Amino acid sequence: MFVPPPKGFLRRAATTRSPQTGIFSSGAEVPGVRRDHLLEMAPSLKTVGTVIGVLSAASSVIALTNGVGKLPVMGYNAWNAFACNVNETLIVQTAQYMKEYGLLDVGYNHVNLDDCWAMKNRTSTGEVVSDTTRFPSMNNLTDQLHALGFYAGIYSDSGWFTCAGYPGSFMHEEQDALTFQSWGFDFLKYDNCAIPFDDVIREGMVGKYQRMSDALAIVAEKTGTTFVFSLCQWGWSQVWLWGASLSHSWRIDGDIGPYWTSIASIINSASFITQATNYYGRNDLDMLEIGNGNFTYDEAKTHFTTWALVKAPLLIGTNLASLTSEMLSILKNTEIIAINQDPVYGTSISPFRWGINADWTYNATFPAQYWSGPSENGTVIMLINTLDEPADMFFNLTESPWIRAGRQYAVRDLWTHTNNGTAVRNFTAVGVAPHGVAALLLQDAGNEPAGIMPPCAGEALSQCTAENGTSYANS
């Protein structure tokens with residue numbers, strides 16, 4: 001059984017800002033924090049030139065290694081299902097459903113509030129106050145969540161107000177962080193609404209979020225409590241370049257919707273910035289919509305598979321009281337979850353071929369289709385059929401940089417939970433459903449059979465040469 005740390009436990013690395021680059025880097029360990037949310041659509045990457053220009057920098061930021069947030073958060077956020085219609089009873093009942101359905105057992109160990117939990121006005125001394133009717137005692141709420149085995153998360157905003165018009169934390173960062181700590185929260189999602197005028201804030205996006213990151217560090221020093229800190233600023237200001245220096249996750253795009261076009265668009269955005277994700281800091285593709293809208297079973301599988309394998313946070317966002325067994329089975333696929341929570345590799349899978357489009361094509365309707373990455377137990381392959389009809393999906397094994405030439409690979413299907421023979425040189429996923437996915441684990445099964453021609457596979461064929469100089473190029 002998962003047991004949360006003592007209430008208030010938290011650590012975070014101190015950060016300093018380079019006057020030359022403006023980039024923050026972590027230094028000595030000090031206590032810290034976390035957070036995420038909704039509203040406007042973020043500017044997206046529009047050109048191949050922009051994409052290529054940021055990729056190398058995306059993985060160079062020093063991560064906020066403060067003792068929490070090493071792996072993606074798994075849990076629940078109430079917004080997608082209930083928006084502002086929340087209260088203590090509903091949140092505790094949701095946590096009980098999480099236990100009853102076995103979701104806690106497979107790793108979903110956070111239950112997070114979103115917007116609308118507060119009164120509309122602060123006290124005369126500037127304190128933020130929880131809604132006296134719907135959340136009469138935040139300590140009582142977090143005590144109940146902790147007793148059930150969950151971490152407790154709360155929400156605020158970096159501006160004057162939250163997106164729903166409740167008090168934001170601008171100019172109250174340390175005061176609010178101390179309040180959240182005193183209430184027993186472990187996680188902070190931090191939104192991007194009601195931004196102060198330029199001549200008031202005199203900061204860019206980085207500095208605006210640094211204010212709360214610094215406040216959380218101070219609170220950690222004072223109390224020993226370290227929050228997981230989740231940025232929700234919709235992908236503005238190339239957050240994938242700097243988010244890891246002051247948080248554990250960062251939204252990369254506008255708000256998700258419960259329909260396929262939203263899922264495809266977010267996958268497209270993520271495909272260009274996968275190198276930003278690693279232990280302690282990761283791209284956040286937004287809360288899960290599984291159980292909402294009119295997704296087909298295969299669309300829901302693709303949604304969950306992509307979020308999990310790119311190592312995004314997995315926050316359920318549906319009414320669990322009405323969740324179907326079919327959708328619950330998707331959320332509880334432990335073979336997919338194991339990749340998300342991999343203790344050896346913290347990196348995201350990445351596209352090795354776009355498929356329908358030329359590589360590096362920005363297309364929100366038909367995103368990259370062929371992905372791979374390393375894992376503790378082998379090479380992970382994800383194939384997405386973006387078409388509206390079934391498709392066979394073929395690839396040469398060595399198109400993935402994680403596959404060794406001259407070797408054969410045992411194929412494990414992570415959705416049918418079956419071993420599907422051995423792949424030599426190539427593999428075809430037959431009849432992948434419209435908007436569906438194939439998720440495979442390829443495990444080295446020794447040398448490929450002798451005598452296969454040509455003697456080189458994939459890109460190497462263009463330079464395939466014998467020791468005596470004989471060229472087999474393009475044979």
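## Aromatic pairs and an open sheet

Phenylalanine 427 has a relative accessible area of 15% and is therefore buried, as the cut-off for that term is under 20%. This description, like those that follow, concerns a predicted model.

| Ring pair | Distance of centres | Angle of planes | Class |
|---|---|---|---|
| Phenylalanine 352 and phenylalanine 395 | 5.8 Å | 55° | tilted |
| Phenylalanine 395 and phenylalanine 427 | 6.2 Å | 55° | tilted |

The pair of phenylalanine 352 and phenylalanine 395 links distant parts of the chain, since phenylalanine 352 belongs to strand S11 (residues 350-353) and phenylalanine 395 to strand S14 (residues 391-396), 43 residues apart. Distant parts of the chain are also linked by the pair of phenylalanine 395 in strand S14 and phenylalanine 427 in strand S17 (residues 426-432), where the separation is 32 residues. Phenylalanine 352 and phenylalanine 395 are both buried, and for phenylalanine 395 the relative accessibility is 0%. Elsewhere, Trp117, Phe180, Trp183 and Phe185 make up one aromatic cluster.

Arginine 353 lies over the face of tyrosine 370, at 4.0 Å from the ring centre, while the charged end of lysine 120 sits over the ring of tyrosine 166, 4.1 Å from its centre.

Strand S11 also belongs to an open sheet of 6 strands, which follow the order S11-S12-S13-S18-S15-S16 with antiparallel pairing. Its edge strands are S11 and strand S16 (418-424), each of which pairs on one side only, and neighbouring strands of this sheet are turned by 35° against each other on average, direction ignored. Between S11 and strand S12 (residues 370-375), which run antiparallel, there are 3 bridges, and serine 350 has serine 372 in S12 as its bridge partner. Helix H9 (residues 297-309) packs on the sheet, where it touches strand S13 (378-384) and S18, and the direction of the helix makes about 140° with that of S13.

In the segment after strand S18 (437-447) lies threonine 470, which counts as partly exposed because its relative accessibility is 36%. The side chains of threonine 470 and asparagine 468 are joined by a polar contact of 2.9 Å. Leaving aside neighbours within four places in sequence, threonine 470 is in contact with Cys464 and Thr465.

Key: Residues numbered from 1 in each chain as written. Predicted model: local features only at pLDDT ≥ 70, side-chain atom pairs only at ≥ 80, totals over all residues. Heavy atoms only, no water. Helix = DSSP H or I, 4+ residues; strand = E, 2+ residues; numbered from the N terminus. Buried < 20%, exposed > 50% of the residue type's maximum accessible area, 1.4 Å probe, protein only. Contact = heavy atoms within 4.5 Å. Polar contact = N/O pair within 3.5 Å; in protein donor to acceptor, adjacent residues only side chain to side chain. Phe/Tyr/Trp six-rings, centres within 6.5 Å; stacked < 30°, edge-to-face > 60°. Lys NZ or Arg CZ within 6 Å of the ring centre and 35° of its normal. Pairing = 2+ DSSP bridges. Axes fitted to C-alpha atoms, helices over the stretch in contact; angles between N-to-C directions.
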